[in-house]
Amino acid sequence: MIDFFFLVPIAIGMGLAGLASFMWTLKSGQYDDLEGAAQRILFEGHEGPVVEEKRPAPPTGVRT
């Protein structure tokens, strides 16, 4: 029972710290442009979309 006197304030403090950090990310603009970040990873600089090279399919070993 005495453990709760230590654990409850620690849990409340950690919850308040998490809430404070979430509020800080809202105020600093971390969630303003979610679509832009998702599209930005598809491009390398100003060249356009990244296109993978076509490779020939490996032989399957089955003769027809």
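Leaving aside residues up to four places away in sequence, T25 touches Q30 and Y31, where contact means heavy atoms within 4.5 Å. Please bear in mind that this is a predicted model, in which local features need pLDDT of at least 70, side-chain atom pairs count only at pLDDT 80 or more, and totals for chains, interfaces and linings use all residues. Residues are numbered from 1 along each chain as its sequence is written, and side-chain values use heavy atoms, with hydrogens and water left out.

Is T25 buried or exposed? T25 counts as buried because its relative accessibility is 16%; the cut-offs are under 20% relative accessible area for buried, over 50% for exposed, and partly exposed in between, with a 1.4 Å probe and protein chains only. Across the chain, buried residues account for 5% of the 64 residues.

Let me turn to the helix. T25 lies in α1, which covers residues 4–27; helices here are DSSP runs of H or I with at least four residues, strands are runs of E with at least two, and both are numbered from the N terminus. The 24 residues of α1 reach 34 Å from first C-alpha to last, close to the 34 Å expected at 1.5 Å a residue, that expectation being 1.5 Å times one less than the number of residues. After α1 comes G29, with a positive phi near 85°. The chain contains two helices and zero strands.

I close with the aromatic residues. One aromatic pair is found in the whole structure. The ring centres of F22 and Y31 are 6.1 Å apart and their planes are at 45°, so this pair is tilted; pairing requires centres within 6.5 Å, and planes under 30 degrees apart are stacked, over 60 edge-to-face, and the rest tilted. F22 is partly exposed, at 39% relative accessible area, and Y31 is partly exposed, at 43%.

Definitions and conventions. Phe/Tyr/Trp six-rings, centres within 6.5 Å; stacked < 30°, edge-to-face > 60°.
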